[in-house]
Amino acid sequence: MKTKKILTFSRYCEFAFVAGCAFTSFSMALPAFAQDDHQGAVSALGRLQPQGGVIRVGIPSIPEAISGSMLAVLHVKEGDSVEAGELLAVTDAFAVLSARVKQAQAEQQTAIRAAEAGQSQADEACVLADVAKREADRRVRLLEQKLASEEETEMAQGQAQATAASCTAANAHARVAEAEIEVAAARVEVAQAELERARIKAPFSGRILDVLAQPGEFIGAEGLLELGRVDKMYAVAEVYETDIRNVKIGQKATVTSDALPHALSGRVELIRHMVLKQDVTGTDPAADKDARIIEVEILLDDPEAAASLTHLQVEIIIDA
């Protein structure tokens, strides 16, 4: 009888233990966002990301790269910090476009020489026109003095008119040649602009987070590399739509993860205006995978601690 009581008590302890574990699992299975164990604080899962998210740098949209381009030279590697405008890579279109620049520059020089020649011809024509006019005027005076015939005078006047017309036409051609110089200069600018687009440059200062192609590989719609502004890091909390009323701009927040060296502090900077499906989920199989959430961006006070952990899943507590 005594043994039976002991067994009964043992089963009771076992039942209590199992029930306690079940209660703990149930509590953990409840959405973290809905718990209110920090005096009204809102808890949420989230992720780390640089300011503006991760930007995928692609290749320029030039006719030669309409369906992609081959990577010729890569100047950076994963983890490098780059400045805005820094050269990242060069595509295989660079050689062709360099040749086009040289061609356009040669055409510009040809246009300049043609304009110079045209202006010289115009100057010559106008000098002859001036001489012819003076001769015609002299003939008119001689005619008045009965020292020249009317026929000679008319011929001189006709020659003066013809050379004057030649001067006008030559000047017009010279102006056309001058305009050709401007057209050629514009072609050079276009060719140089296209050449620059064969050079892939950093759109802003940041860190290379991932390299998607190596020299000799084809760069398509997936782009060349991923770049992030890690000087400002954010924790993006996925807050249940029912709890968003408790979140305000400026509230303090704490971000934790086993991968972080210590808990990070920050402040709510942005509450987005769209309700989305939950993206970050925990390991608990009982968690609601179809939860509706609103993303809240929290600017971290210490970006360096999170700069190398983009997309890390974190736990976030937003103070009331």
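**Entry 1: a pair of strands**

I started with strand β2, residues 69–74, and found that β2 pairs with β7 in the antiparallel sense over two bridges. Within this pair, I noted Ser69 standing opposite Ile219 in β7. A reminder to myself before going on: this is a predicted model.

**Entry 2: the other neighbour of β2**

Next I looked up how β2 meets β4. These two strands also pair in the antiparallel sense, over three bridges.

**Entry 3: on to β5**

I then followed β4, which covers residues 87–91, and saw three bridges joining β4 to β5. β4 and β5 run antiparallel. For Ala89, I found that the bridge partner in β5 is Ile200.

**Entry 4: the sheet put together**

With the pairs in hand, I asked myself in what order the four strands form the sheet. The order is β5-β4-β2-β7, and the sheet is open with antiparallel pairing. Why is one side of β5 and of β7 left without a neighbour in the sheet? Both strands, β5 at 199–201 and β7 at 218–219, stand at the edges with a single partner strand each, so one side of each has no neighbour there.

**Entry 5: Thr91**

Is Thr91 buried or exposed? Its relative accessibility is 4%, and Thr91 counts as buried because the cut-off for buried is under 20%. I also listed what Thr91 touches, leaving aside residues up to four places away in sequence: Ile59, Ser69, Met70, Ala72, Ala198 and Ile200. Two names on that list were already in my notes: Ser69 faces Ile219, and Ile200 is the bridge partner of Ala89.

**Entry 6: two helices side by side**

I moved to the helices α2 and α3. Their axes come within 6 Å and cross at roughly 165°. Angles over 145 degrees count as roughly antiparallel, and α2 and α3 are therefore roughly antiparallel to each other. By class, I found 30 nonpolar, 13 polar and 11 charged residues in the contact of α2 with α3. I noted too that α2 passes α3 in a left-handed crossing.

**Entry 7: Lys146, between the helices**

The loop between α2 (93–144) and α3 (150–196) holds Lys146. I checked its backbone and found phi near 60°, a positive value in a residue other than glycine. I flagged this because most residues other than glycine have a negative phi. Lys146 is exposed, with a relative accessible area of 74%.

**Entry 8: His311, another positive phi**

I looked up His311 as well, and its phi is positive, about 75°, although His311 is not a glycine. Where is His311 found? Its place is in the loop between β11 (292–300) and β12 (313–318). His311 counts as exposed at 53% relative accessibility, and the cut-off for exposed is over 50%.

**Entry 9: the whole chain**

Last, I stepped back to the totals. The protein has three helices and 12 strands. Of its 320 residues, 35% count as buried, and Thr91 in my notes is one of the buried residues. Among contacts with a separation of 6 or more, 76% are between residues 24 or more positions apart.

Technical notes:
Residues numbered from 1 in each chain as written. Predicted model: local features only at pLDDT ≥ 70, side-chain atom pairs only at ≥ 80, totals over all residues. Heavy atoms only, no water. Pairing = 2+ DSSP bridges. Buried < 20%, exposed > 50% of the residue type's maximum accessible area, 1.4 Å probe, protein only. Axes fitted to C-alpha atoms, helices over the stretch in contact; angles between N-to-C directions. Parallel < 35°, antiparallel > 145°, perpendicular 65-115°, else oblique. Left-handed = near helix turned anticlockwise from the far one by under 90°. Nonpolar A, V, L, I, M, F, W, Y, C, P; charged D, E, K, R; others polar. Contact = heavy atoms within 4.5 Å.
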